Amino acid sequence: MTLLSTAQHLARDTRRDPRSHMILIMVAVTIAASAVALVAYLLWPTWVARPASAPDRLPVSVGATLFNVPTAAIRRKIQRHSGPQHVSADTIEEKVQPIDRIFVSISAHHDTLAPDARVRTIYPRYLGQAATPVDEGLMMRTFRDGSPYANEDLFSATTPSLNARCSRDGQTPGMCLSERRVDGADLTFRFPRSWLSQWRDVANAMDRLTTQMRGPKG
């Protein structure tokens, strides 16, 4: 109503003063420009395009066993996909890795001897008789020279459970290998031998990693 009254008033004044034509035109242009700006603002998209990000975890299947693996923890890009992973113990990459973290490899076991059975039945054939206490609850037995595991030691504990075969320090720091079976897959953990000074933390960390990666049962 105010806009209509203003326009009528300007129209009457136009008959008195020709310059009022210019004023009326300028007012109309201003109103039209404001309306266009308002429509453009209301119709302008407010979303911002963002690059697609990878999921935090990927459901992968190894040996018909489902694991939920953190995407960033998968070193090889070709394996950063969900679904079956066609790997076995023979195809695992054996490159020297930085020793600032625990590494885990997952491979289908194809009904080979289970890691705990290997500790009970195979390793004792090559171990020395003496067991040396290293820390409260942690024992070490040395593999005999000339055996397939020469220059390695076996560390064992029950609470928390730990079995780790470790190379000795030499030109390169000693490394430990600890294995466990989960349904159709074997998990192989690798970590520095020096970490055995905190062996409980290492054993608990491997337990947590196994639980976190384990897919839904049933």
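How many strands form the open sheet, and in what order? Seven strands form it, in the order S4-S10-S9-S8-S7-S6-S5, with antiparallel pairing. Strands (E, at least two residues) and helices (H or I, at least four) are DSSP runs numbered from the N terminus, and two strands pair if DSSP finds at least two bridges between them.

This is a predicted model, in which local features need pLDDT of at least 70 and side-chain atom pairs count only at pLDDT 80 or more, while totals for chains, interfaces and linings use all residues. Residues are numbered from 1 along each chain as its sequence is written, and side-chain values use heavy atoms, leaving out hydrogens and water.

S7 and S8 share six bridges in the antiparallel sense. Phe 155 stands opposite Ala 164 in S8.

Helix H4 lies across S4, S5, S6, S7, S8, S9 and S10 and runs at about 145° to S10. Axes are lines fitted to C-alpha atoms, for helices over the stretch in contact (heavy atoms within 4.5 Å), and angles run from 0 to 180 degrees between N-to-C directions.

A nonpolar core is a set of buried Ala, Val, Leu, Ile, Met, Phe, Trp, Tyr and Cys residues joined through side-chain atoms within 4.5 Å; buried means under 20% relative accessible area (1.4 Å probe, protein chains only). The largest has 22 residues, and Phe 67, Ile 106 and Leu 162 are among those with the most contacts inside it. H4 gives the largest share of this core, five residues. Apart from it lies another core of six residues, including Tyr 123 and Leu 154.

Definitions and conventions: Buried < 20%, exposed > 50% of the residue type's maximum accessible area, 1.4 Å probe, protein only.
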